[in-house]
Amino acid sequence: MKIKEKINNILLLLDEHYPQEDKCYLNYTHPYELMISTILSAQCTDDRVNIVTKDLYRKYPTLEAFANADVSEMEQDVKSTGFYRNKAKNIISSSRKLLKEYGSEMPSDINELIKFAGVGRKTANVIRCHIFSIPSIVVDTHVMRISYKLGLTKLKDPVKIEFDLMKKLPKEHWIRYNQQIIAHGRAICKAPTPKCEICFMTEYCTHFA
């Protein structure tokens, strides 16, 4: 089977099983909150981040509040997400940068977004997808693992995987693919114990083969 045919079949299956999967798993109201949530999500589950930010966004209700926060206090506020010292410092630094250099307006350009402390390409692409609806590939652990299993990439570096998938997947499916693969990783292709017996993509999975 040619790779284009295989990809088309995989995308059809994803659309069939996850037709409404275009939501963001991180809770936020304002664009800067999504930036903060994605900073917190590094090496942490979305569920844990949402628990923390429920109180965090009440305590710091504005971008100015984050920009003026005390770093020691912020460390305690986000401690349960792990790597809390770096995360607290990055949240305050990025909030100040957004406030002072961008007039509180979140930029959409990826080269501008990655200038913010704690914001890499994954975080930047989450913002581009959900705030600006700009087609982007978000390479999180689910997308890395499952794309590799499906033979859509042989690469292991997240940035290289991003560009590899951009070349192979139709642009109009990029945002949908991100969310569908995350949904599949949460429901069926779990690590380290995937539910292969109920998976609808075993025909295309190198791990199953």
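Here are some questions and answers about this predicted model.

User: Which element gives the most residues to the largest nonpolar core, and how many?
Analyst: Let's start with the core itself, which has 35 residues; Leu 56, Phe 66 and Met 74 touch the most other members. Helices H2, H3, H4, H6, H7 and H8 each give two or more residues to this core. The one that gives the most is H2, with six residues.

User: Is Ser 108 buried, partly exposed or exposed?
Analyst: First find Ser 108 in the loop between H6 and H7. Its relative accessible area is 30%. Buried means under 20% and exposed means over 50%, so a residue in between is partly exposed. Ser 108 is therefore partly exposed.

User: What separates the C-alpha atoms of Ser 108 and Arg 128?
Analyst: Along the chain, these two residues are 20 residues apart. In the fold, Ser 108 is in contact with Arg 128, and also with Leu 113, Phe 132 and Ile 134. The separation of the two C-alpha atoms is 6.0 Å.

User: Which element gives the most residues to the lining of the largest pocket?
Analyst: This pocket holds about 750 Å³ of space. Its lining has 29 residues, and among the closest to its centre are Asp 46 and Lys 122. The lining divides into 10 nonpolar, 13 polar and six charged residues. With four residues, the element that gives the most is H8.

Note on methods: Residues are numbered from 1 along each chain as its sequence is written. This is a predicted model: local features need pLDDT of at least 70, side-chain atom pairs count only at pLDDT 80 or more; totals for chains, interfaces and linings use all residues. Side-chain values use heavy atoms; hydrogens and water are left out. A nonpolar core is a set of buried Ala, Val, Leu, Ile, Met, Phe, Trp, Tyr and Cys residues joined through side-chain atoms within 4.5 Å. Buried means under 20% relative accessible area, exposed over 50%, partly exposed in between (1.4 Å probe, protein chains only). Contact means heavy atoms within 4.5 Å. On a 1 Å grid over the protein atoms alone, a cavity is a set of points where a 1.4 Å probe fits but cannot get out, and a pocket is an open set with protein on both sides within 12 Å along at least five of seven lines; lining residues have an atom within 4 Å of a point. Grid points are joined across faces, edges and corners, and a volume is the space filled by probe spheres set on the points. Ala, Val, Leu, Ile, Met, Phe, Trp, Tyr, Cys and Pro count as nonpolar, Asp, Glu, Lys and Arg as charged, and the others, Gly among them, as polar. Lists of a residue's contacts leave out its neighbours within four places in sequence.
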